[in-house]
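Keep the sequence and the model open side by side as you read.

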Amino acid sequence: MDTSTINADKVVDTSGLSCPMPLLKTKKAMKELSSGQVLQVIGTDPGSKNDIPEFGNKDGNEFLGMQDTDEGKTNYYIKKG
């Protein structure tokens, strides 16, 4: 999926945080969304590249994709189910 066209309803910046904080902040932010809304997670932790996509496909949610930026960060997109 082309993530450049995704409009997030909420953004969580976890830059500089290490595991498990990015995943914990992602879980907390997902609880605040309504069904169909999209969460964007910005992160720098390499472990999040495995953890967030796996979490994003649980509990009826849909992981839409991720994209690395030129600044060394990764954007993740999850749609709440």
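Lys58 is partly exposed, with 42% of its relative accessible area open; on this scale buried is under 20%, exposed is over 50%, and partly exposed is in between, using a 1.4 Å probe and protein chains only. The Lys58 side chain meets that of Glu54 in a salt bridge, at 3.8 Å from N to O. The term stands for a side-chain nitrogen of Lys or Arg within 4 Å of a carboxyl oxygen of Asp or Glu. Glu54 itself counts as exposed because its relative accessible area is 53%.

Before going on, a word on what you're looking at: this is a predicted model, where local features need pLDDT of at least 70 and side-chain atom pairs count only at pLDDT 80 or more, while totals for chains, interfaces and linings use all residues. Residues are numbered from 1 along each chain as its sequence is written, and side-chain values use heavy atoms, with hydrogens and water left out.

How many salt bridges does a search of the whole structure find? It turns up 3. Another of them joins Lys49 to Asp68, with the closest N and O atoms 3.1 Å apart. Lys49 sits in helix α2 and Asp68 in strand β3, so this pair ties together parts that are 19 residues apart in sequence. (Helices, H or I with at least four residues, and strands, E with at least two, are DSSP runs numbered from the N terminus.) Lys49 is partly exposed, at 33% relative accessibility.

Then there's Lys10, whose side chain meets that of Glu32 in a salt bridge at 3.0 Å, N to O. This pair links distant parts of the chain: Lys10 is in strand β1, Glu32 is in the loop between α1 and β2, and they are 22 residues apart. Lys10 comes out as partly exposed, with a relative accessible area of 27%. As a general point, side chains of opposite charge can pair when their charged atoms come close.

Now back to helix α2, which covers residues 48-56. Which of its residues are buried? They are Ser48, Ile52, Pro53, Phe55 and Gly56. Looking down the axis of α2, these buried residues fall within an arc of 165°, so they line one face of the helix; the arc is that of the directions from the helix axis to the C-beta atoms. The buried residues pack against α1, β2 (38-43), β3 (62-68) and β4 (74-79). Over on the other side of α2, Asn50 and Glu54 are exposed.

Strand β2 is where you'll find Gln40, which counts as buried because its relative accessibility is 15%. Not counting residues up to four places away in sequence, Gln40 touches Ala8, Lys10, Val11, Val12, Asn75, Tyr76 and Tyr77, where touching means heavy atoms within 4.5 Å.

Beyond its neighbours within four places in sequence, Val11 is in contact with Leu39, Gln40 and Ile42. Val11 and Tyr76 are 65 residues apart in sequence, yet 9.8 Å apart in space, C-alpha to C-alpha.

Last stop: the loop between β1 (10-13) and α1 (21-31), where Thr14 lies. Is Thr14 buried or exposed? At 0% relative accessibility, Thr14 counts as buried. Setting aside neighbours within four places in sequence, Thr14 has contacts with Pro22, Lys25, Val41, Ile42 and Gly43.
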